[in-house]
Amino acid sequence: MKPQRVIFLLLFVSLLSFSSTTETSSSYSTTPPITQSFREAPEFYNSPKCPSIFSNDDQDSGADVPDDTTTTSNDGEEGFNIVNQEDEERNFICADNGVHVAMTLDLAYIRGSMAAILSILQHTSCPENLIFHFVTSASANASLLSDTIATSFPYLKFQIYPFADTAVAGLISTSIRSALDCPLNYARSYLANLLPICVRKIVYLDSDLVLVDDIVKLAATPLGDDKVLAAPEYCNANFTTYFTPTFWSNPALSLTFANRKPCYFNTGVMVIDLDRWRAGDYTTKIEEWMELQKRMRIYELGSLPPFLLVFAGNIAPVDHRWNQHGLGGDNFRGLCRDLHPGPVSLLHWSGKGKPWARLDANRPCPLDALWAPYDLLKTPFVFDS
Ligand SMILES: *[C@@H]1O[C@H](CO)[C@@H](O)[C@H](O)[C@H]1NC(C)=O
Ligand SMILES: *[C@@H]1O[C@H](CO)[C@@H](O)[C@H](O)[C@H]1NC(C)=O
């Protein structure tokens with residue numbers, strides 16, 4: 001108990017200094033101990049209008065048996081119920097009418113992840129139709145993370161995928177914010193490989209956000225005939241600044257944007273067609289830019305620029321209300337940010353400051369009060385005397 005408390009105090013001190021000091025690489029990679037304990041979230045139920053997450057023919061591929069034939073079969077109710085339960089147990093991961101959500105999961109951000117999950121469940125009309133796909137570092141204690149999620153969300157349909165982050169670690173060059181260099185931050189580029197083939201579309205979400213609107217609407221974003229990815233675009237942002245002069249002065253490189261009208265987008269909220277991603281092998285395309293970045297510095301940030309290089313100017317639009325980003329403040333001074341004008345469906349604390357850290361340090365930004373209601377942490381700091 002004693003040594004644990006010492007580590008805990010150290011964590012507390014590092015959280016206090018979080019927003020005022022420059023980050024060192026160890027401040028992110030040091031895994032905090034799970035002295036954090038979370039409340040159980042209430043159970044959420046589908047509204048009557050929600051579709052079944054299984055379409056009629058996905059139980060037997062090939063056999064064209066309509067659903068009602070199965071339900072009125074002569075096998076007897078008992079038999080049917082057993083089969084049905086088994087199918088549900090086995091196949092919800094592949095449910096083609098489900099809303100599939102991907103997030104990363106680690107001990108450093110788990111409090112944020114829990115708040116995000118709660119906010120999603122609370123604001124959707126079809127909470128039972130959500131299937132969560134959590135990517136963890138292969139070196140993380142997956143059973144601990146899994147238990148933590150299952151304890152707070154006993155009814156959640158979810159699956160955990162270990163990500164061999166050592167593979168990507170060799171591709172990462174250091175950025176201006178060390179938290180961005182965490183290999184798990186790059187997992188979003190590998191979803192098409194990590195998740196089973198049967199998962200064909202995913203809503204990818206960062207862990208430092210909450211939804212205040214129905215994720216079903218976001219998931220239904222039209223991707224048109226050929227778009228791989230949908231995200232809110234910000235065409236007023238100066239796109240030039242995301243890449244170095246080295247990049248822009250080399251035509252062989254900058255020509256990659258020649259026939260596009262590239263705009264900045266934030267990779268913390270994306271709807272991705274995984275079928276199209278797999279068909280186009282976009283993971284390899286992203287990796288190729290990362291390889292190049294290791295040889296010549298073409299950008300400063302972490303996992304974002306490769307996404308811009310591959311997709312900017314060629315994505316399906318999403319209303320800005322779905323990513324009110326930047327609430328974490330700027331990367332240098334940790335200033336508070338205000339909302340962008342317009343309606344809000346999703347609040348995103350991207351940037352250096354995180355609401356849980358600022359709340360614990362008693363130095364919250366005004367908008368952190370909107371995150372607090374989703375905090376499932378039981379007691380932030382228990383010092384028994
Ligand atoms: C993982 O966490 C569990 C607690 O849920 C613990 O019992 C186990 O020892 C941990 N495993 C490792 C390898 O640390
Ligand atoms: C965009 O940024 C670049 C480099 O920082 C600068 O040279 C250029 O003038 C900026 N463009 C606009 C429209 O502000």
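Guide: Begin with Asn-362. It is exposed, with 7 other C-beta atoms within 10 Å. The model is a predicted one.

Visitor: Why is Asn-362 called exposed?

Guide: The label needs 12 or fewer other C-beta atoms within 10 Å. Asn-362 has 7, so it is exposed. Asn-362 is found in the segment after helix H15 (355-360). Its phi is near 60 degrees, a positive value in a residue other than glycine.

Visitor: What makes Asp-281 exposed?

Guide: The count for Asp-281 is 12 other C-beta atoms within 10 Å. The cut-off reads 12 or fewer, so Asp-281 qualifies as exposed. Asp-281 lies in the loop between helix H12 (274-280) and helix H13 (282-295). Phi of Asp-281 is near 50 degrees, a positive value for a non-glycine residue.

Visitor: Why is Phe-247 called buried?

Guide: Buried takes 20 or more other C-beta atoms within 10 Å. Phe-247 has 21, therefore it counts as buried. Phe-247 belongs to helix H10 (residues 245-248). Beyond its neighbours within four places in sequence, Phe-247 is in contact with Leu-253, Ser-254, Ile-298 and Tyr-299.

Visitor: How far apart are Phe-247 and Met-296 in sequence and in space?

Guide: They are 49 residues apart in sequence and 8.7 Å apart in space, C-alpha to C-alpha. For the whole protein, residues 24 or more positions apart account for 79% of the contacts with a separation of 6 or more.

Visitor: What share of the protein counts as buried?

Guide: Of its 385 residues, 34%. The protein has 15 helices and eleven strands.

Visitor: What makes strand S1 mostly covered?

Guide: Seven of its seven residues are buried. Val-99, Val-101, Met-103 and Leu-105 point one way from S1. His-100, Ala-102 and Thr-104 point the other way. In a regular strand the side chains alternate between the two faces of the sheet.

Visitor: How do you know that S1 and S2 pair?

Guide: Pairing requires at least two bridges. Seven bridges join S1 to S2, so the two strands pair, and they run parallel. Met-103 has Phe-134 in S2 as its bridge partner.

Visitor: What makes strand S6 (residues 229-231) a partner of strand S9 (residues 269-273)?

Guide: Two bridges join them, and the cut-off is at least two, so they pair. These strands run antiparallel. Ala-230 stands opposite Val-271 in S9.

Visitor: Why are strand S3 (157-163) and strand S10 (316-317) called edge strands?

Guide: Take the sheet itself. Seven strands form an open sheet in the order S3-S2-S1-S4-S9-S6-S10, with mixed pairing. S3 and S10 are its edge strands: each pairs on one side only.

Visitor: Which strands does helix H5 lie across?

Guide: H5 lies across strand S1 (99-105), strand S2 (130-137) and strand S4 (201-205). It runs at about 165 degrees to S1.

Visitor: Which residues touch the most other members of the largest nonpolar core?

Guide: Val-101, Val-203 and Ile-272, out of 72 residues. Helix H5 (residues 110-123) supplies the largest share of this core, eight residues. Not counting residues up to four places away in sequence, Val-203 touches Val-99, His-100, Val-101, Ile-215, Leu-218, Ala-219 and Val-271.

How values were computed:
Residues are numbered from 1 along each chain as its sequence is written. Chains are lettered from A and ligands numbered from 1 in the order in which they are written. This is a predicted model: local features need pLDDT of at least 70, side-chain atom pairs count only at pLDDT 80 or more; totals for chains, interfaces and linings use all residues. A nonpolar core is a set of buried Ala, Val, Leu, Ile, Met, Phe, Trp, Tyr and Cys residues joined through C-beta atoms within 7 Å. Helices (H or I, at least four residues) and strands (E, at least two) are DSSP runs, numbered from the N terminus. Two residues are in contact if their C-beta atoms, placed from the backbone, lie within 7 Å. Axes are lines fitted to C-alpha atoms, for helices over the stretch in contact, and angles run from 0 to 180 degrees between N-to-C directions.
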